[in-house]
Amino acid sequence: MPVLPGSRPQPTPRTQAAFRRRARLLPVVPAVLLLLVFLAGPVLWAFHASFTNAALTGRNARNPGWVGLENYQRLFTDPVLPLSLGLTVLFVGGSAILGQNLLGLTIAVLMRQARKPVAAAVGTAVVAAWVLPEIVAAFAAYAYFSRDGTLNQLLGWLGLGQPDWLYAFPMVAIMLANVWRGTAFSMLVYRAALDDVPADVTEAALMDGAGAWQRLAFITLPMIRGSIATNLMLITLQTLAVFTLVWVMTAGGPSNASTTLPVLAYVEAFKFGDIGYGTAVASVLILIGAAFGAAYVRLLRQGKP
Amino acid sequence: MTTAAPAPRHLGPSPGQRRARLPADAALLLIGACFLLPLLWLVFASLDAGAGHQTRVPGKVSLDNFAAVMTPGLLFQPLWNSLVLSAGTAAVNLVVAVLAAYPLSRYRSRFNGPFLYAVLFGTCLPITAIMVPVYGLFVQLELLDSMPATVFFMATTTLPMAIWMTKNFMDGVPVSLEEAAWVDGASAMVALRTIVLPLMRQGLGVVFIFVFIQAWGNFFVPFVLLLSEARQPAAVSIFSFFGQHGAVAYGQLAAFSILYSVPVLALYVIVARGAGSSFALSGAVKG
């Protein structure tokens, strides 16, 4: 971090110097205010509101009453919570940690071997799904997986069965859709990481007779393990927060079969009008996110000397 | 090993790589086709007056769908709202992030490290999780359905990333240039405005566009916070449009989607050309 020499004023009383040092931080104030009001505020409010019976409309909307742990008691005995937690873990594990991560790595590795125009064209196709506004991507995915959609057209040509994906296998559909939507991020991370691997290291391994798989497993992957960890953290957090894709494709249905935690929080708060219960669900999600966030920050700090 | 001239390291693929090319090409093309397929429907349906869920080459290419959605109420007002929201969000982000990044980049302070890590932690919070509490907060403060309040909230959600990116870009501007101005007695803010900002124009552009794209595509935040139809951005109006006419108007939905997506696709191409395709990661990954 560059430091301005000579920015310290001529000998002044110590208090004045201390004051000046503080004053230099003044420009940070607007950022701190915004973050406190709109980010820390809602998080704290969430923990508070989850102990009340706040409602969307009616008497409890104006004067929510304190109900203590009631929402949490209800939450932890509600059979929907374990289901929703399980679906969220399945969604994050299947579509982000396995799907996006492995596919992104595969594409990045293949791109280094393929012809340049091919790599560029395929890169554009992958990125296109990622740059599109999420609602458009969600509509496209909805049409793709619907009963007479593109996927079933393909399966029909191949003479295979044509299930109604969004009703029979809603989780499969939203997981595949999320892989389609989000793989570009992992691909970009791994492309940048692979570009940073010095060529002479892999060439030396090649001289020693290491095969392509051996080079990948024992040389390349260990060298980019920092990027792998960062990528896993970030896509986990992104996928944890996915709402629009699920909402447009299945709205959590049929009968909660694809209700991930963000959808559950939304449905409880806005469909059933129970803000208190909805914020209790949201608080659980915030805590999970915070745990991953803290792990991510630790990871980055350790990476820095 | 002695050679007349040191061979350049990236001369080309080794024989082993060249042999791997064909299968790699084929595998990549297959993957690329899978990624394009869902988008194909969007293009075909928009040009097909009788479109459904199916992907089919329209029998007769028509622009009827585009003509049908290009009305002030259906398309232009929502797009204008999207523009106001996104440009407002990006502008607030830019001003606040530049102000915050300057002391973080230029002065050493005990405050810097903890603040930057707190900000980074902020980027990790799942925004969808805080939408229910934010709604509650907005009800209590009577800010619901207010464009400025929504702009400030959306700006805050992208602010952590914007501060990191701006600080990284600012770190790239050498301090020596400012020293002269300091000697001449210019204040920090004058030095920032006249020396630092002009030198990091490109970086500022990247931050602005990055935030703009995120805000433009954001569905959930305006969906929850903006209630009246006159204020809703395209992301939300397209959703209600789909809900009301969904059963029949797939072609119009596709046409609307394309018109709504084109601006961000264009912005992405501009940034990717200028700053390399990994621009979006400069804040997150390089830290």
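Student: What is the mean pLDDT of chain A?
Tutor: The mean pLDDT of chain A is 84, and 92% of its residues reach 70 or more; pLDDT is the predictor's confidence in each residue, from 0 to 100. This is a predicted model, where local features need pLDDT of at least 70, side-chain atom pairs count only at pLDDT 80 or more, and totals for chains, interfaces and linings use all residues. As for labels, residues are numbered from 1 along each chain as its sequence is written, while chains are lettered from A and ligands numbered from 1 in the order in which they are written.

Student: Where is the pLDDT below 50 in chain A?
Tutor: Over residues 1-10. That stretch still has 18 contacts in the model beyond near neighbours in sequence, a contact being two residues whose C-beta atoms, placed from the backbone, lie within 7 Å.

Student: Switching to the interface: how many residues does each chain put into the contact?
Tutor: Chain A gives 87 residues and chain B gives 85 residues. On the chain A side, helix H16 (residues 275-303) supplies the largest share, 15 residues. Helices here are DSSP runs (H or I, at least four residues), as are strands (E, at least two), numbered from the N terminus.

Student: And how do the residues on that side of chain A divide?
Tutor: Into 67 nonpolar, 14 polar and six charged. Ala, Val, Leu, Ile, Met, Phe, Trp, Tyr, Cys and Pro count as nonpolar, Asp, Glu, Lys and Arg as charged, and the others, Gly among them, as polar.

Student: OK, H10 of chain A. Where is its kink centred?
Tutor: On A:Gly182, with a kink of about 45°; the bend at a residue is the angle between axes fitted to the seven residues ending there and the seven starting there.

Student: How many of the residues of H10(A) are buried?
Tutor: 21 of its 26, so H10(A) is mostly covered, where buried means 20 or more other C-beta atoms within 10 Å of the residue's own, exposed means 12 or fewer, and partly exposed is in between, with C-beta atoms placed from the backbone.

Student: What is A:Met249 in contact with?
Tutor: Leaving aside neighbours within four places in sequence, its contacts include A:Ala141, A:Phe145, A:Leu166 and A:Ala177.

Student: Why does A:Ala251 count as partly exposed?
Tutor: Because A:Ala251 has 16 C-beta neighbours inside 10 Å.

Student: Now chain B. How many helices and strands?
Tutor: Twelve helices and zero strands. Buried residues make up 45% of the 287 residues in chain B.

Student: Where does B:Met147 lie?
Tutor: In helix H6 (residues 147-171) of chain B. Leaving aside neighbours within four places in sequence, B:Met147 is in contact with B:Val84 and B:Arg231.
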